[in-house]
Amino acid sequence: MKKLFHNIRVDFLLLALIIPFLIVGPTLVSWIIIVYAGVMLVSKKMTSRFEMSGVSKSLILYYLINLCSIFWANEAGDYYLDIQVKLSLLFFPIVIGFSNYSRKDIEEMMLYFVISGYMVSILLIVRMLMLYFMEGRLVSYNSYTGHLHPSYFSMYFIFYLSYFLFSFNKMKNWVRWVGMVLFSINIFLSSSKAGFLAFILLCFVYVMKEYKLKSILIIVFFVGIFYYVFYKTNYLIFISDRIKSMQEMVVKFAKHDSLRIESNSIRLFAWRASIDVISKNWLIGVGSGDVHRALNEYYNTHHLEALSEKNINAHNTFFQIMLATGILGLSVFLYLFINWIIKLFRYQQVYLGWYVVIALLCFFTTESVWETQAGTIFWGALIAFSDKYIKSA
């Protein structure tokens, strides 16, 4: 740790600041990435040798398919905005592919991410406590997660937690446990339903892997702790209300009853609209710039003007990809992730392998993750660095 502070890597520091700034100051993130690119060039971290595997190549191909969709997209304005949002899916695999990063460098970079995760966790918890004791109010949901949607917020902290659970290298035991407690608290305070589910799945995988026969007792023990903690702070009631509301919406939707517009019903309507549009444009989609237009037409036709006014997307990454680029784009996307997951487990990157599986199940099915910078920057960097790490094995 002393070596880390005596010999700070500016490039790693900039990368580690991306997630905190996506939470507290997203407008500065693009500038951080631009400065990072400049640092890479000035510090001679780039080489003339380009190295990447099929994973990063698939990511670049996915971006190029979206780029080519201008030939069948009608809304040029939305198209250019979408391509800009997805630019990180091209930027990171190319920059990291030309970098001279070694496995040791990438492992050191993870220490910077650990520190940034600690800092932002403590900052947010301290802010919450100050608001509680000074103003008498409990912050939760969007209020707690700053400028970031709760699902993306919890997606980041599930990543931190996964690293702490499954990676033990160069980490003291007390550091791991403090980190896991901090990250778990932040996941629950975000009040993201996808985050709750991801947390449960991650803990289940970890307990089954480490304790096996003792797993049931350990799970019951930790559930009891969380129940007690959140009951005392009134957060359990809030979480319970959100889960009950979700169940109510699903039952009414299945019975074709009228639904009020809220987070759960919005997803159900968006999924129904997506399936309808996909069924008519399944081969190459409607183009990256036309997804909102196509969905808004469905919303207006089916008396869901409230959704078209908010420009609601598919709220499902798989549907969103099918809407924009059809079966062509989805095939590349699925090949990318299947190939990546296989390699992660083959090269003993267990923490990342399980994280990717859980993220696909929980976050990619409930949000259009690759339609926002909060998703494309994180996943573009994660895939590129992971690919470089595996390639250096």
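These legends accompany several close-up views of the predicted model. In this predicted model, local features need pLDDT of at least 70 and side-chain atom pairs count only at pLDDT 80 or more, whereas totals for chains, interfaces and linings use all residues. Residues are numbered from 1 along each chain as its sequence is written, and side-chain values use heavy atoms, with hydrogens and water left out.

**Figure 1. Overview of the helical protein.** The secondary structure comes to 18 helices and zero strands, where helices (H or I, at least four residues) and strands (E, at least two) are DSSP runs numbered from the N terminus. Of the 393 residues of the protein, 52% count as buried; buried means under 20% relative accessible area, exposed means over 50%, and partly exposed lies in between, with a 1.4 Å probe and protein chains only. The accessible surface comes to about 19,000 Å², of which 67% belongs to carbon and sulfur atoms, areas being computed by the Shrake-Rupley method with a 1.4 Å probe, and for residues only the protein chains shown count as cover. Among contacts (heavy atoms within 4.5 Å) between residues at least 6 apart in sequence, 74% join residues at least 24 apart.

Figure 2. A nonpolar core is a set of buried Ala, Val, Leu, Ile, Met, Phe, Trp, Tyr and Cys residues joined through side-chain atoms within 4.5 Å. The largest one has 114 residues, and those with the most contacts inside it are Phe337, Tyr355, Trp370 and Trp379. Helix H8 (residues 150-166) contributes the largest share of this core, 13 residues. Leaving aside residues up to four places away in sequence, Tyr355 touches Met155, Ile158, Phe159, Ser162, Phe378, Trp379 and Leu382. A second, separate core of six residues includes Ile60, Tyr63, Tyr79 and Leu90.

**Figure 3. Surroundings of Ser288.** Ser288 lies in the loop between helix H13 (263-280) and helix H14 (291-301), and counts as buried because its relative accessibility is 7%. Its side chain makes a polar contact with the side chain of Asn66 at 2.8 Å, and another polar contact, of 3.3 Å, joins the side chains of Ser288 and Asp82. A polar contact is a pair of N or O atoms within 3.5 Å; within protein, one must be able to donate a hydrogen and the other to accept it, and residues adjacent in sequence count only if both atoms are side-chain atoms. Not counting residues up to four places away in sequence, Ser288 touches Asn66, Ser69, Ala73, Tyr79, Asp82 and Ala324.

Figure 4. A salt bridge is a side-chain nitrogen of Lys or Arg within 4 Å of a carboxyl oxygen of Asp or Glu, and the structure holds eight of them. Asp82, which also meets Ser288 in a polar contact, forms a salt bridge with Lys86, the closest N and O atoms being 2.8 Å apart. Asp82 counts as buried because its relative accessibility is 8%, and Lys86 is buried as well, with a relative accessible area of 1%.

Figure 5. The side chains of Asp276 and Lys280 meet in a salt bridge (3.4 Å, N to O); both residues lie in helix H13, four residues apart, about one turn of the helix. Asp276 is partly exposed at a relative accessible area of 29%, whereas Lys280 is exposed at 61%. Arg293 and Asp290 meet through their side chains in a salt bridge (3.2 Å, N to O), with Arg293 partly exposed at 25% relative accessibility and Asp290 buried at 0% relative accessible area.
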